[in-house]
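Please examine the sequence and the model before reading each solution.

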Amino acid sequence: RSIGSGGSCTVNLSGDASWTANGWIPIGASAGNTGTLNISGNARLTKNGGSGDHLSIGDGGGSGAQGVINQTGGTITSFLSDTYLGAQSSGSGASTGTWNLGPGTAVLSDLRFTRDVGTTGTMNLLSGGTLTVGEINTNGPSGTSTFNFNGGTLTASASDATFMQGLTAANVLVGGAMINSGGNNIAIAQPLLDGDGLGGGLTKTGNGTLALNGINTYTGTTTV
């Protein structure tokens, strides 16, 4: 089930392709190699399995291990366990995980950045992309965790007073931050920063409440 274990590897899911995995899916799973998943069209990736089986992007315990998801369509579903962006490190270095989402849909339980010391995780939520998730956080403060809002929609799947917090940076870019509370009451302690100086602004949709509790510097219009 791994992508990029023992050598660099690219997997393409397109059209009406469907992949269901009943366990752990590491992408970028060995030092010095890159694992890439490209998903488009109506393709579907569904990760089942128990709470210890994760979708893990950047899961190689060594220098140069990179995991990448390029999603321009389709649906990725993993709500039975956490999803990791930047998972493993070892004495020889740390892994990097990147997810470029949009267009397309991802439905996750929780999204955890930087599980191990020194890892790097980046989520780019792009126009036409929808990320539905229970919570966004880090597994520890010792890595680099970045969430870039750039036109896609972040949707809450449950009420959560700590819906997003603990990241190195959450940047609002020119496409703006679209946040759908989904009928839930959520709070974001993470500061929402002006990532490019282009005034993308923030739009809140959906029933329920959104509390912005961080020291925010994003610019542009805030629409509720």
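**Exercise 1.** Which residue in strand 4 is the bridge partner of Val-11?

*Solution.* The model is predicted, with local features requiring pLDDT of at least 70 and side-chain atom pairs pLDDT 80 or more, while totals for chains, interfaces and linings use all residues. Residues are numbered from 1 along each chain as its sequence is written, and side-chain values use heavy atoms, without hydrogens and water.

Strands are DSSP runs of E, at least two residues long, numbered from the N terminus. Two strands pair if DSSP finds at least two bridges between them. Strand 1 and strand 4 (residues 34-39) run parallel and are joined by 5 bridges. Within this pair, Val-11 has Leu-37 as its partner, and Thr-10 has Thr-36.

**Exercise 2.** Determine the order of the strands in the sheet and explain which strands stand at its edges.

*Solution.* The open sheet consists of 8 strands in the order 1-4-7-12-15-18-21-24, with parallel pairing. Strand 1 (9-13) and strand 24 (192-194) each have a single partner strand, so one side of each lacks a neighbour in the sheet.

**Exercise 3.** Which residues does Phe-149 touch, not counting residues up to four places away in sequence?

*Solution.* Contact means heavy atoms within 4.5 Å. By this criterion, the residues touched by Phe-149 include Leu-125, Leu-154, Met-164, Val-172, Ile-179 and Leu-192.

How values were computed
Helix = DSSP H or I, 4+ residues; strand = E, 2+ residues; numbered from the N terminus.
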